Amino acid sequence: MTLFGIRIPMMMSLVMWAVLWEVVGRLDLIFLIPPMTSVISAGMDLVQTGSWQNATLITLRSFVFGMALAIVVGVPLGVLMGRVRIIDNIFGLWVNMFVSAPLSALVPILMILFGLGETTVFVTVFLFAVWIIVLDARAGVMQVPPSLIEMGRCYGASRWTIFSKIVLFSALPEILAGIRIGLIRGVKGVVIGQILVSIIGYGELFELYSRSFDMERFWALTLILFAAAMLLSAAVELFEKRIEYYAGAR
Amino acid sequence: MANAALSRTQGQLAVTCEDAIVQVRDIGKNYGDVEALRGINLEFQRGKLTTLLGPSGCGKTTLLKIIAGLVPASSGEICVNDKVVTGPGPERAFVFQDFALMPWATVMRNVGFGLELRGVPAIERNRVARRYIEQVGLAGFEEKYPHELSGGMRQRVGIARAFAVNADVLLLDEPFSAVDEQNRRKFQEDLLRLVDLEKKTFIFVTHSIEEAVYVSDRIVLLSPRPGRISQVIDPMIDRTASPDDIRRDAGYLNTVEEIWQGLRQYAE
């Protein structure tokens, strides 16, 4: 970005907003926005507390397990839907419904089913992430160029070999894109799940800080979450780029 | 120029020849209500390059894919080396219009893929692949990926892959249609060199009259809706002449003109 002929680094916009936040905070206009500097120092203190570390552990655990299950279930289901008409007919409608449904509304039902604990959060993460992984894997498998499959048949590949050596590799970029979006949705899932359950992990901390109007810590926790989600997405994107490198010219 | 052995069976043209490697017997193909091919009787001579030429919609690619065993025929049968075939087989190799290269694999692996599918050990198939990569003029590009190559170079990979499996019959489906004009001419010259070098049977599909006349020993003209054989032409061009002389040769130009006269009724 250039302004008045001067090149401005990308991070500038972040810095400008932080400065604006600081100014508004210092003016003491509303208690909701404490100065940025005190949010950051609250964050520094926060990460050293046992309650934060414990909450992070619980959050990570639900997230990792939920995501792992979403990938293990989602990719094969999507691939099967892309290859087998009957399976596509059975699951297609449901997957499309759930991918756009407001799943937060289901969390109270999950609470009744799985109790007020980590299991509910884990299931929430799974439900938030799995559908887009299914749809992208399905799309990836379905848009394998027909000539590549003919090529495999022509040179004597069995059905299984065509699937394992051609279809899966050809669908890999879409499968990874689905997993990346799934990860971002999973982060939403873990936070929403915990906030609704509200007695474990970050949900408990958010509940505590907002009840006691401890806005410094509230914002510090929010910023940590934002940063974590962005880093996660960037990491997968980096991995995707390496795959794209050789699947590039499609 | 001479007209080939032609006979009429049930009002249809039939083409026969000595020492046929591929025999197309009474092939018909329907897609639902649409009749794509009707009563095709055609023999392909061993060691020659035969071109299927015709306007779009004449079923030339369909016929080629039926010969390849990729598309089932609605009626009739295909014989290769005197055996009836119903699916793809190692004696036939296919070159695709859109190249059909695996974007995640290097040139080397793409060229050796046919051998990989047959379980040939890596050292052996890389040796064979390297030889054909060199023969199609891609030496030095072994470790490149398809997206790093131009369209013409990609099709050279496709051709090297077909050569590497050492099939008797090479089936080429409009291989140069996605290649720009300058490269296409170079390609046609290289193809003639490879035909001469490899002593294989080529079945070539194209919609370019000039290309067909330039490269073919025999041209089979198909007419559309439904696809039938309408004419057979043996161009009889002296291939020892230089490419530029061939393209200026009166026989070459007359053959192109004659085919155009036969096809113009189908042009919109």
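Two strands are taken to pair if DSSP finds at least two bridges between them. In the predicted model, strand β11 (residues 218-223) of chain B and strand β12 (residues 228-233) of chain B pair in the antiparallel sense, with 5 bridges linking them. Within this pairing, L221(B) stands opposite Q231(B) in β12(B). The two strands β11(B) and β12(B) form a hairpin in which 4 residues lie between them, and R225(B), located in the turn, has a positive phi of about 50°.

The domain assignment divides chain B into domain 1 (18-91 + 169-191 + 199-267) and domain 2 (103-166), and the C-alpha centres of these two domains of chain B lie 25 Å apart. Their contact draws on 9 residues from domain 1 of chain B and 7 residues from domain 2 of chain B. On the domain 1 side, helix α6 (residues 181-198) of chain B supplies the largest share, 3 residues, and by class this side comprises 7 nonpolar, 1 polar and 1 charged residues.

Between the chains, 19 residues of chain B are in contact with 17 residues of chain A. The largest share of the chain B side, 3 residues, comes from helix α3 (residues 113-117) of chain B, and the composition of that side by class is 15 nonpolar, 2 polar and 2 charged residues.

For chain A, the unreviewed UniProt entry lists several stretches under "transmembrane region", among them residues 12-37 and 57-81. Over residues 12-37 of chain A, the model is 69% helix and 0% strand, with the end C-alpha atoms 17 Å apart, whereas residues 57-81 of chain A are 100% helix and 0% strand, with the end C-alpha atoms 35 Å apart.

Terms used
Residues numbered from 1 in each chain as written. Chains lettered and ligands numbered in written order. Predicted model: local features only at pLDDT ≥ 70, side-chain atom pairs only at ≥ 80, totals over all residues. UniProt positions renumbered as here; feature names shortened; annotations may be inferred. Contact = placed C-beta atoms within 7 Å. Nonpolar A, V, L, I, M, F, W, Y, C, P; charged D, E, K, R; others polar. Domains from an automatic or database assignment.
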